[in-house]
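Try each task before you read its solution.

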Amino acid sequence: MPQTETPGAETGRWTRLRWWTELPLILLVYACYSAGRLLARGDVSSAVDHGTAILRFEQALHLNAEHPLNRLFTHEAWLGVPADFWYASLHYLVTPAILVWLFRRRTAVYRTARTWLMTSTFIGLIGFTLLPTCPPRLLDAGHGFVDTMAQYSAYGWWGGQASAPRGLGGMTNQYAAMPSLHVGWALWCGVMLWRHGGTRLTKAAGVAYPLLTAIVVMGTANHYFLDAVAGVAVMGVGLLLAPRVRGVAEAVRGQVVTRFAPAPSGTGSPIVSGGCQTAAGERFPRQRESSTGTEADVGAGAGAAARDAGEEAAAAAH
């Protein structure tokens, strides 16, 4: 089924979604993503060692998708140039666009999807920090890779340093290749389109987008095949952890709301008429005091009448 959550179920547990609270959160995560890539530069020699180790491991498994794809994109500009545009732009355009679409049209699943994406992104940052990896395009030429981003840089805004605009290559971390969040985020986009798109076209796009992204990142020599596999694995772990992350976030939010909730304005009934309170059956204060004499007179009259009636009854009996 397209949706697994009942519409409105989330609004019962959470406050209504507001763009001015969601946008700063998304920007904060993206800032952490960018800062993490910059801070995880690591030692260049270690990054190169990690890259060559991945190549050797793939060769041992008889995996070699990168070389034929890279040769194809290098020799065929009509494939290489669009691939470079794909790599340099769609990663930063499609993902936010689908977030906005979910926010506006699929509110019941938005928070779950957003939490999944953010959790996986932070896991990817841990991978960048612990395992800085040199991408294939930066290895020695003897390994047989060509940097298509540099080869076709005259066609786009990027220079010879990753997908950054010319002159800003120093602001990127070119050794954040493992895992490939290009593939990870594309997989997230594909799942959202497949499950919640509603049409055959969106479902087809949901399948094609992550597959083509995996081909692009290898053909442009920006990632190894195992980088793409690691990106998929990161998204899987993020999907498993997302419910717990949401649970913790909900608990923290509940504590904050409880702690900072305004105190009740009053605790009892107000005192009126200078300290005199009304009782049941009274229309205004001091009604009892003003009617005390009247009630006594009425009671006395009723008693006298009862006594007279008793005496008459006795006389009649006699």
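**Exercise 1.** Is valine 207 buried, partly exposed or exposed?

*Solution.* Before starting, note that this is a predicted model, in which local features need pLDDT of at least 70 and side-chain atom pairs count only at pLDDT 80 or more, while totals for chains, interfaces and linings use all residues. Residues are numbered from 1 along each chain as its sequence is written, and side-chain values use heavy atoms, with hydrogens and water left out.

Step 1: find valine 207 in helix α9, residues 200-219. Helices here are DSSP runs of H or I with at least four residues, strands are runs of E with at least two, and both are numbered from the N terminus.
Step 2: take the cut-offs for relative accessible area: buried is under 20%, exposed is over 50%, and partly exposed is in between (1.4 Å probe, protein chains only).
Step 3: valine 207 has a relative accessible area of 42%, so it is partly exposed.

**Exercise 2.** How do the axes of α6 and α8 cross?

*Solution.* Step 1: locate α6 (residues 107-130) and α8 (residues 181-196), whose axes come within 10 Å and cross at roughly 165°. Axes are lines fitted to C-alpha atoms, for helices over the stretch in contact, and angles run from 0 to 180 degrees between N-to-C directions.
Step 1: apply the classes: under 35 degrees is roughly parallel, over 145 roughly antiparallel, 65 to 115 roughly perpendicular, and the rest oblique. The two helices α6 and α8 are therefore roughly antiparallel.
Step 2: look at the residues that meet, with contact meaning heavy atoms within 4.5 Å. Among them are Trp116 and Leu117 in α6, and Trp185 and Trp188 in α8.
Step 3: sort this contact by class, which gives 10 nonpolar, 4 polar and no charged residues. Ala, Val, Leu, Ile, Met, Phe, Trp, Tyr, Cys and Pro count as nonpolar, Asp, Glu, Lys and Arg as charged, and the others, Gly among them, as polar.

**Exercise 3.** Which residues of the largest nonpolar core touch the most other members?

*Solution.* Step 1: a nonpolar core is a set of buried Ala, Val, Leu, Ile, Met, Phe, Trp, Tyr and Cys residues joined through side-chain atoms within 4.5 Å.
Step 1: of the 22 residues in the largest such core, Ile98, Leu102, Trp116, Trp188 and Met192 touch the most other members. Two or more residues come from each of α5 (77-105), α6, α8 and α10 (225-260).
Step 2: pick leucine 102 and leave aside its neighbours within four places in sequence; its contacts then include Val109, Ala113, Trp188 and Met192.

**Exercise 4.** Which residues does the cis peptide bond join?

*Solution.* Step 1: the cis bond lies between methionine 178 and proline 179, with omega about 0°. Proline 179 sits in the loop between α7 (148-151) and α8.
Step 1: keep the background in mind: most residues other than glycine have a negative phi, and most peptide bonds are trans.
Step 2: now compare two loop residues. Histidine 62 has a positive phi near 60° and is found between α3 (44-60) and α4 (66-75). Alanine 221 has a positive phi near 65° and lies between α9 and α10.
Step 3: check their surroundings. Histidine 62 is exposed, at 75% relative accessible area, whereas alanine 221 is buried, at 0%.
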